[in-house]
Amino acid sequence: MVGCVSPRAFHRDRAALGFTLIEMTIVVVVVAVVAAVAYPSFLSQIRKARRSDAIEFASRVQQLQERHRASNPAYAANLAALGIASGNSSNALYTLVTAAGAGAAAGTAYTITATAASGKSQAADTGCTTMAIALSAGATSYTPAACWGR
């Protein structure tokens, strides 16, 4: 019989053409497990990268405070005194406020506080939703330190 294929050979060739349901299920489960592990880590890295929005704005305010102090006896009491109309960072992920030291410390101290905007992804940045720079008697401190990448 020329051109005839035995049923056993036909079945073997046909099985080689595709995947079984079990094989597909295993692949889907493996992909789901990898995604479940990787996604939270991915979001954490995105939030960490977005902190640069607050760091950039706080650094700009810090420079403006020093420039203001060079011409005045005290640091600026608020952002408006520094010529900044809005306390929102460039991507509106953080709201910043600044305050000069009180009383005799007005000429030697200020704080800049960046708070993650509610309803934005940074509000879930555990431990870094509020970041601050404090200058007191020439010493600058960054809190929480881990959030500033220093």
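Buried residues are those under 20% relative accessible area, exposed residues are over 50%, and partly exposed residues lie in between (1.4 Å probe, protein chains only). Of the 150 residues of the chain, 28% count as buried. The model is predicted: local features need pLDDT of at least 70 and side-chain atom pairs count only at pLDDT 80 or more, whereas totals for chains, interfaces and linings use all residues. Residues are numbered from 1 along each chain as its sequence is written, and side-chain values use heavy atoms, with hydrogens and water left out.

**View 1. Overall arrangement of the chain.**
Two helices and four strands make up the chain, in the order α-α-β-β-β-β along the sequence. Helices (H or I, at least four residues) and strands (E, at least two) are DSSP runs, numbered from the N terminus. With contact meaning heavy atoms within 4.5 Å, 45% of the contacts between residues at least 6 apart in sequence join residues at least 24 apart. The chain exposes about 9800 Å², of which carbon and sulfur atoms supply 63%; accessible areas come from the Shrake-Rupley method with a 1.4 Å probe, and for residues only the protein chains shown count as cover.

**View 2. The largest nonpolar core.**
A nonpolar core is a set of buried Ala, Val, Leu, Ile, Met, Phe, Trp, Tyr and Cys residues joined through side-chain atoms within 4.5 Å. The largest such core holds 24 residues, and those with the most contacts inside it are Val-61, Tyr-94, Leu-96, Ile-112 and Met-131. At least two residues of this core come from each of H2, E1, strand E2 (109–116) and E3. Helix H2 supplies the largest share, five residues. Leaving aside neighbours within four places in sequence, Met-131 is in contact with residues including Arg-51, Ala-54, Ile-55, Tyr-94, Ile-112, Cys-147 and Trp-148.

**View 3. The disulfide between Cys-128 and Cys-147.**
A disulfide is a pair of cysteine sulfur atoms within 2.5 Å, and by this rule the count comes to one. The bond joins Cys-128 to Cys-147, with an S to S distance of 1.8 Å. The torsion about the S-S bond of Cys-128 and Cys-147 is about -85°, so the disulfide is left-handed. The pair links distant parts of the chain, 19 residues apart: Cys-128 lies in the loop between E2 and E3, and Cys-147 in the segment after E4. Cys-128 is buried at a relative accessible area of 6%, and Cys-147 is buried at 4%.

**View 4. Surroundings of Tyr-110.**
Tyr-110 belongs to strand E2 and is buried, with a relative accessible area of 2%. Beyond neighbours within four places in sequence, the contacts of Tyr-110 include Gln-62, Gln-65, Glu-66, Tyr-75, Thr-98, Gly-101, Ile-133 and Leu-135. The C-alpha atoms of Tyr-110 and Ala-76 are separated by 8.1 Å, although these residues are 34 apart along the chain.

**View 5. The acidic residue Asp-125.**
Asp-125 is placed in the loop between E2 and E3. This residue counts as buried, at 5% relative accessibility. Neighbours within four places in sequence aside, Asp-125 is in contact with Arg-47, Arg-51 and Tyr-94.

Ala-92 is not a glycine, yet has a positive phi of about 55°. Ala-92 is found in the loop between helix H2 (21–71) and strand E1 (94–100), and is partly exposed at a relative accessible area of 29%. Ala-137 likewise has a positive phi, near 55°, in the loop between strand E3 (130–136) and E4. Ala-137 is exposed, with a relative accessible area of 68%. The peptide bond from Thr-143 to Pro-144 is cis, with omega near -20°. Pro-144 lies in the segment after strand E4 (139–143).

**View 6. A nonpolar patch on the surface.**
Ile-22, Ile-26, Val-30 and Val-34 form a nonpolar patch with about 400 Å² of accessible area together. Patches are made of residues with over 30% relative accessible area and no salt bridge; like charges are joined within 9 Å, and nonpolar side chains (Val, Leu, Ile, Met, Phe, Trp, Tyr) within 5 Å. A salt bridge is a side-chain nitrogen of Lys or Arg within 4 Å of a carboxyl oxygen of Asp or Glu. Val-30 is in helix H2 and counts as partly exposed, at 48% relative accessibility.
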